[in-house]
Amino acid sequence: MNQQTPAEQAMTTRIGQAVMLLHGGDREEARNRFSALWAELDHDRDHLHRVTVAHYMADTQDDPQAELAWDLRALGAAEALAGARAGIGGHEVVVRGLYPSLHLNLAADYLKLAQHTAARRELDRCHAVLDALGDDAYGSGVRAAVGRLELRLAEVGGEPQRPDGQSP
């Protein structure tokens with residue numbers, strides 16, 4: 001198992017503190033802290049922290065286009081992590097488990113922007129990687145959110161999914 005360095009531990013702690021602010025309702029302070037953390041990260045090495053910071057930074061945004069930009073950064077960092085560290089310290093499993101949520105968030109962003117074709121594409125990508133989720137509370141929560149987004153997309157005229165996950 002890969003141990004974090006003291007600097008990585010400190011970064012993880014600071015990210016956790018910003019997440020707590022976000023979940024506590026202080027979006028502005030969380031946004032400020034995530035912005036500072038993003039500026040400190042080594043964009044060639046700190047891929048896992050970049051995924052996390054960008055993922056949560058998206059949730060602090062008021063503008064749907066800015067939220068989309070941060071979610072795209074999170075996906076890009078996940079892809080860099082998978083390419084750079086696949087199989088090292090168990091990160092491959094971690095990254096694989098992030099993709100359903102990353103694609104779900106992008107689908108929600110595109111739906112907010114009324115880009116239904118892009119929303120459907122991301123939901124399809126999400127369905128394709130749902131098997132990476134465990135049979136736990138997190139996996140159940142993501143699957144439930146996928147179902148809710150499917151309904152919202154269908155309400156606005158997006159192409160629905162069949163129960164087997166395929167488009168009609």
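Predicted model: local features only at pLDDT ≥ 70, side-chain atom pairs only at ≥ 80, totals over all residues.
View 1. Two or more lining residues are given by each of the elements α3 (47–59), α4 (64–85), α5 (91–112) and α7, and the largest share, 8 residues, comes from α5.

**View 2. The packing of helix α1 against helix α2.** Helix α1 (residues 6–23) packs on helix α2 (residues 27–40) at an angle of about 160°, and the two axes lie 8 Å apart. Because angles over 145 degrees count as roughly antiparallel, α1 and α2 are described as roughly antiparallel to each other, and the crossing that they form is left-handed. On the side of α1, the contact is made by Met-11, Arg-14, Ile-15, Gln-17, Ala-18, Val-19, Leu-21 and Leu-22, while α2 contributes Arg-27, Glu-29, Ala-30, Arg-33, Phe-34, Leu-37 and Glu-40. Sorted by class, this contact of α1 with α2 holds 9 nonpolar, 1 polar and 5 charged residues.

**View 3. The packing of helix α1 against helix α3.** Here α1 and α3 pack at an angle of about 15°, with 11 Å between their axes. Since angles under 35 degrees count as roughly parallel, α1 is taken to be roughly parallel to α3, and the crossing of α1 and α3 is left-handed. The residues of α1 that make this contact are Glu-8, Met-11, Thr-12, Ile-15, Val-19, Leu-22 and His-23, and those of α3 are His-49, Thr-52, Val-53, Tyr-56 and Asp-59. By class, the contact of α1 with α3 divides into 6 nonpolar, 4 polar and 2 charged residues. Met-11 of α1, one of the residues in this contact with α3, is also among those that α1 brings to its contact with α2.

**View 4. The packing of helix α6 against helix α7.** The axes of helix α6 (residues 116–129) and helix α7 (residues 137–155) come within 11 Å of each other and cross at roughly 155°. This angle makes α6 roughly antiparallel to α7, and the crossing of α6 and α7 is left-handed. From α6, the residues His-116, Ala-119, Arg-120, Leu-123, Cys-126 and His-127 meet Val-146, Leu-149, Glu-150 and Leu-153 in α7. Divided by class, the contact of α6 with α7 has 6 nonpolar, 2 polar and 2 charged residues.

Notes:
Residues numbered from 1 in each chain as written. Heavy atoms only, no water. Axes fitted to C-alpha atoms, helices over the stretch in contact; angles between N-to-C directions. Helix = DSSP H or I, 4+ residues; strand = E, 2+ residues; numbered from the N terminus. Parallel < 35°, antiparallel > 145°, perpendicular 65-115°, else oblique. Left-handed = near helix turned anticlockwise from the far one by under 90°. Contact = heavy atoms within 4.5 Å. Nonpolar A, V, L, I, M, F, W, Y, C, P; charged D, E, K, R; others polar.
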